[in-house]
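The notes are grouped by topic.

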Amino acid sequence: MTAQSRSLPLPDGLEGVRVDAGLAKLFGFSRSFAAEICEQDGVTLDGAVAGKSDRLRAGSWIEVTWQSKEPVRIIPIAVPDLTIVHDDDSIIVINKPAGVAAHPSVGWTGPTVPGALAAAGYRIATSGAAERAGIVHRLDVGTSGLMVVAKSETAYTALKRAFHDREVEKIYHAVVQGHPDPLAGTIEAPIGRHPSSAWKFAVMSDGKHAVTHYETLEAFPSASLLEIHLETGRTHQIRVHMAAQRHPCVGDAMYGADPSITARLGLGRQWLHATQLAFTHPDSHEWVTFNAPYAPDLAHGLSVLRGD
């Protein structure tokens with residue numbers, strides 16, 4: 001790693017923006033890397049060390065020093081339980097198991113979707129950042145279910161636009177603690193970075209617009225199985241919105257799940273699964289719908305709740 005530094009006056013457009021968010025915009029850093037720089041006292045504003053949650057002031061002189069990292073590479077790692085739901089010349093739809101990242105990132109050494117597809121002999125689009133080639137949307141490492149990956153450049157462009165314009169139907173199933181009241185409804189609350197954690201998100205007044213629709217499918221003594229339609233696609237959206245309602249996903253230790261229920265169901269991650277994905281096919285322009293069965297650990301947890 002080599003040290004790099006930059007210094008410049010802050011433009012008017014960054015007035016009032018958090019330091020970590022401003023660094024991301026100025027230099028193209030990820031928010032987590034920007035936060036890491038701040039935590040290492042790598043940012044000064046008019047000569048004073050700035051924290052990641054401090055606010056920028058237009059016209060101030062910012063100095064940033066960081067250690068450049070090696071570029072993230074796609075490493076082929078076979079994932080036997082990653083299943084192919086659909087494959088054609090332009091797209092591939094997979095049922096991603098938990099424990100697999102949507103794409104490589106700094107600090108992640110486990111399997112990734114591009115790496116798993118490469119190991120299986122699939123070629124995907126090269127558009128976008130090198131480590132995210134073909135990836136048009138994401139699922140958390142601990143969330144299983146459907147992802148569509150672009151194999152052609154035209155498919156990549158079309159699918160990125162469709163996700164951006166909210167023209168993709170995303171349906172999830174989640175088991176949450178307790179019973180939401182009402183049993184069906186809409187949660188509309190902005191989501192932003194958690195003020196005291198680089199990895200968590202929270203409902204924040206200055207966060208990004210986020211809308212989650214839910215409906216109770218089954219109710220159990222201590223939990224409920226929900227069907228969830230995402231209108232927006234914020235990071236950790238379902239997990240954050242349900243936790244904010246005091247109904248965290250069962251197994252989701254990061255967002256306050258009861259460990260005793262997690263243990264009873266034998267879960268090692270949140271009970272959350274992307275069960276249906278529907279969109280306009282980039283080549284045929286027909287509306288296509290794909291479904292994915294629950295992963296074995298989720299199916300087992302549900303059978304325990306049902307008393308099967």
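In which strand does His173 lie? His173 lies in strand 8, where helices (H or I, at least four residues) and strands (E, at least two) are DSSP runs numbered from the N terminus. The model is predicted: local features need pLDDT of at least 70, side-chain atom pairs count only at pLDDT 80 or more, and totals for chains, interfaces and linings use all residues. Residues are numbered from 1 along each chain as its sequence is written, and side-chain values use heavy atoms, with hydrogens and water left out.

**Surroundings of His173**
- With a relative accessible area of 10%, His173 is buried; buried means under 20%, exposed over 50% and partly exposed in between, for a 1.4 Å probe and protein chains only.
- Its side chain makes a polar contact with the side chain of Tyr294 at 2.6 Å. Such a contact is a pair of N or O atoms within 3.5 Å; within protein, one must be able to donate a hydrogen and the other to accept it, and residues adjacent in sequence count only if both atoms are side-chain atoms.

**Nonpolar cores**
- The largest nonpolar core has 27 residues, of which Val113, Leu117, Tyr172, Ile228 and Ile238 touch the most other members. Elements giving two or more residues to this core include strand 6, helix 3, strand 8 (169-177) and helix 5 (237-244).
- A core is a set of buried Ala, Val, Leu, Ile, Met, Phe, Trp, Tyr and Cys residues joined through side-chain atoms within 4.5 Å.
- Tyr172 is in contact with Leu139, Ile228, Ile238 and Leu272, among others, leaving aside neighbours within four places in sequence.
- A second, separate core of 20 residues includes Leu8, Val19, Phe27 and Leu56.

**Strand 7 and its partners**
- All seven residues of strand 7 (residues 144-150) are buried, so this strand is largely enclosed by the rest of the structure.
- Strand 7 pairs with strand 6 in the antiparallel sense over six bridges; pairing requires that DSSP find at least two bridges between two strands. Ile91 stands opposite Ala150 in strand 7.
- With strand 14 (residues 272-280), strand 7 pairs in the parallel sense over two bridges, and Ser144 stands opposite His273.

**Thr112**
- Thr112 lies in the loop between strand 6 (91-96) and helix 3 (113-119) and counts as buried at 5% relative accessibility.
- The side chain of Thr112 reaches the backbone nitrogen of Gly115 at 3.0 Å.

Conventions:
Contact means heavy atoms within 4.5 Å.
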